[in-house]
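Please read it beside the sequence and the coordinates.

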Amino acid sequence: MSYLLEMNSLSASYDNNVVLEDVNFTVSENDFIGVIGPNGGGKTTLLKVILGLIEPVNGKIIFNNDLINGNSIGYLPQISTGDANYPVTVTDVILSGMMIRKKIISRMSAVDKKKAHEIISELGLSGMENSSLTELSGGQLQRVFLGRAIIGNPKLLLLDEPGNFVDSTFENDFYEKLKELNNRMAILMVSHDIGMISAHVKSYACVNRKLHYHPSSEISNEQLLAYGCPIQLITHGEVPHTVLKSHS
Amino acid sequence: MEGSILQYDFIVKGLLGAVFASITAGLAGTYIVSKRMVFLSGGITHASFGGIGIGYFFGFNPVLGAAIFGILSALGVEYLSVRQKIREDSAIGILWAFGMATGIIFIFLTPGYSPNLMSYLFGSILTVTNADIIALGIMSLVLILYFGIFYRTILYISFDESFARTYSSYVNIFKYVTTALVALTIVLNIRMAGVVLVLSLLTIPPNIAMIFTRVYFKIIVWSVVAGFIGTAAGYVISYFAGIPVGATIIFTLVIIWVLVRLIFQMLKYIQKDKR
């Protein structure tokens, strides 16, 4: 299978502290990787290295040609980066994902606008095209930012703590949506601890300075789905745990 | 005959001043209000007073001095807070007071000539020169072109800077250029409204617009409209009542803001009642 990006003994630092060390990691087409690990363990730095915001101090990151040419990486940052009180409409936020292509003069063509409307209806936000962000619920807001991340048809989608601002009613919908998107793009999803994460995730990368990759073979989907819910608790095994019986 | 020419000149100057002030303040104001940069803009305004004082002392155009001080302080705040890790609000507070102190010292030291301090602090249409009006006119044109061409880029960068940074390497350039244009807008409007009051010329109109629209472009348009009504009405009232023009403009704008708020709250109440 062709890989999208490959990290070779990569080290990266943040504020002069080495947070990632000797990372070897590949992302291939149709991957759905859950990146888990403690706060400060280097998860966000990993995303920033992929986005090109942080240069590795050692080793290198190699991108597939598809990723270098243009609109190839979609990014859903943590909610805190965009001001939800800012006077900007749903359509404008989603269109801002096209900046990838336009760089300086960001005039939007009719094609771009049509694409934005398709995304809006795909994400179930029809009728809210001209709503401002303050009028939206947490779940709707998250879908708007997801729309911004995918409008450029990326080959790779990076999600930073998407669980942080989703209300539980939308959580299942959201992960279903990701599963659907996974047919067209690889997904790398960061979560703040070994904890709640979707069963749609195919493999895991545990990041705490070092990166350990757990391929899909370690987790069987049948096993997960036996619980009847797509959200799972993942542990490494030596953690004592209790499973309560269902209520019914 | 001579009286009517003077009067004509006064009206034309006032009208053009009102048009250009509302265009520049509406565009720059929408940017600073949306981006929560009002305090920074206050710092720029007051720091520029230092340039006015130095201009007087060394005998060059005080507005030029103010422009240099305004832009340098805007970039200085960015430098102090990002590079030197000084808290941004503290950095603003220091530059704010430093500019005022510098201005007062140099005006005090200027020999034999005591400039009308009040006109710089509170604004006066009588001191507005033709050159000031032309400068404001050019500034209006520059801002209309800048916002017209780069509308979406400016909007996206100010809405979510860190996201924009992931795709565009022009984020810093746009931030600095826009902040410098805001500083220039403030300085050129100081003649009209004065150091103390000019900030309200930028902040009140967008806040009037945001009562009834949250669409960025519409906020700009309605800010210009509200700014023009407030400025023009302020002129007329100050002329007939013989009171300072800057204060009258701000007073009128606040009254408009309160009235629009009340009207929209009443409309909301009536709509709820109908349901």
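Which residues in α9(B) meet which residues in α10(B)? From α9(B) they are Ala226(B), Ile229(B), Gly230(B), Thr231(B), Ala233(B), Gly234(B), Tyr235(B), Ile237(B) and Ser238(B), and from α10(B) they are Val245(B), Thr248(B), Ile249(B), Thr252(B), Leu253(B) and Ile256(B). By class, this contact of α9(B) with α10(B) has nine nonpolar, six polar and no charged residues. The model is predicted.

**Helix packing in chain B**

- Helix α9 of chain B covers residues 216-241 and helix α10 of chain B covers residues 245-274; the two pack at an angle of about 130°, and their axes are 8 Å apart.
- Because of that angle, α9(B) is oblique to α10(B).
- The crossing in which α9(B) passes α10(B) is right-handed.
- The crossing of α3(B) past α8(B) is right-handed.
- On the α3(B) side the contact is made by Val63(B), Ala66(B), Ala67(B), Gly70(B), Ile71(B), Ala74(B) and Leu75(B).
- On the α8(B) side the residues are Tyr176(B), Thr179(B), Ala180(B), Ala183(B), Leu184(B), Ile186(B), Val187(B) and Ile190(B).
- By class, the contact of α3(B) with α8(B) divides into 13 nonpolar, two polar and no charged residues.

**Chain A overall**

- Chain A has eight helices and eleven strands.
- Chain A has 248 residues, of which 39% count as buried.
- Among contacts in chain A with a separation of 6 or more, 76% come from residues 24 or more positions apart.

**The six-stranded sheet of chain A**

- Six strands of chain A form an open sheet with mixed pairing, in the order β5-β6-β7-β3-β9-β10.
- β5 and β10 (210-214) of chain A are at the edges with a single partner strand each, so one side of each has no neighbour in the sheet.
- From one strand to the next, the twist averages 15°.
- Five bridges pair β6(A) with β7(A) (residues 186-191) in the parallel sense.
- Opposite Asp160(A) stands Val190(A) in β7(A).
- β7(A) also pairs with β3(A), again in the parallel sense and over five bridges.
- In that pair, Gly34(A) stands opposite Met189(A) in β7(A).

**Burial of β7(A)**

- Six of the six residues of β7(A) are buried, so the strand is largely enclosed by the rest of the structure.
- One side of β7(A) carries Ala186(A), Leu188(A) and Val190(A), the other carries Ile187(A), Met189(A) and Ser191(A), and all of these are buried.

**Helices on the sheet of chain A**

- Helix α1 of chain A (residues 43-51) lies across β3 (32-36), β5, β6, β7 and β9 (203-208) of chain A, and runs at about 150° to β6(A).
- Helix α6 of chain A (residues 138-150) packs on the sheet as well, touching β5 and β6 of chain A, and its direction makes about 165° with that of β5(A).

**Contact between the chains**

- Chain B contributes 22 residues to the contact and chain A contributes 23 residues.
- On the side of chain B that touches chain A, α6 (130-159), α7 (161-167) and α9 of chain B each supply at least two residues.
- α6(B) gives the most to this side of chain B, with seven residues.
- By class, the residues of chain B that touch chain A divide into 13 nonpolar, five polar and four charged.

Methods:
Residues are numbered from 1 along each chain as its sequence is written. Chains are lettered from A and ligands numbered from 1 in the order in which they are written. This is a predicted model: local features need pLDDT of at least 70, side-chain atom pairs count only at pLDDT 80 or more; totals for chains, interfaces and linings use all residues. Helices (H or I, at least four residues) and strands (E, at least two) are DSSP runs, numbered from the N terminus. A residue is buried if 20 or more other C-beta atoms lie within 10 Å of its own, exposed if 12 or fewer, and partly exposed in between; C-beta atoms are placed from the backbone. Two residues are in contact if their C-beta atoms, placed from the backbone, lie within 7 Å. Axes are lines fitted to C-alpha atoms, for helices over the stretch in contact, and angles run from 0 to 180 degrees between N-to-C directions. Angles under 35 degrees count as roughly parallel, over 145 as roughly antiparallel, 65 to 115 as roughly perpendicular and the rest as oblique. A crossing is left-handed if the near helix is turned anticlockwise from the far one by less than a right angle, and right-handed if clockwise. Ala, Val, Leu, Ile, Met, Phe, Trp, Tyr, Cys and Pro count as nonpolar, Asp, Glu, Lys and Arg as charged, and the others, Gly among them, as polar. Two strands pair if DSSP finds at least two bridges between them.
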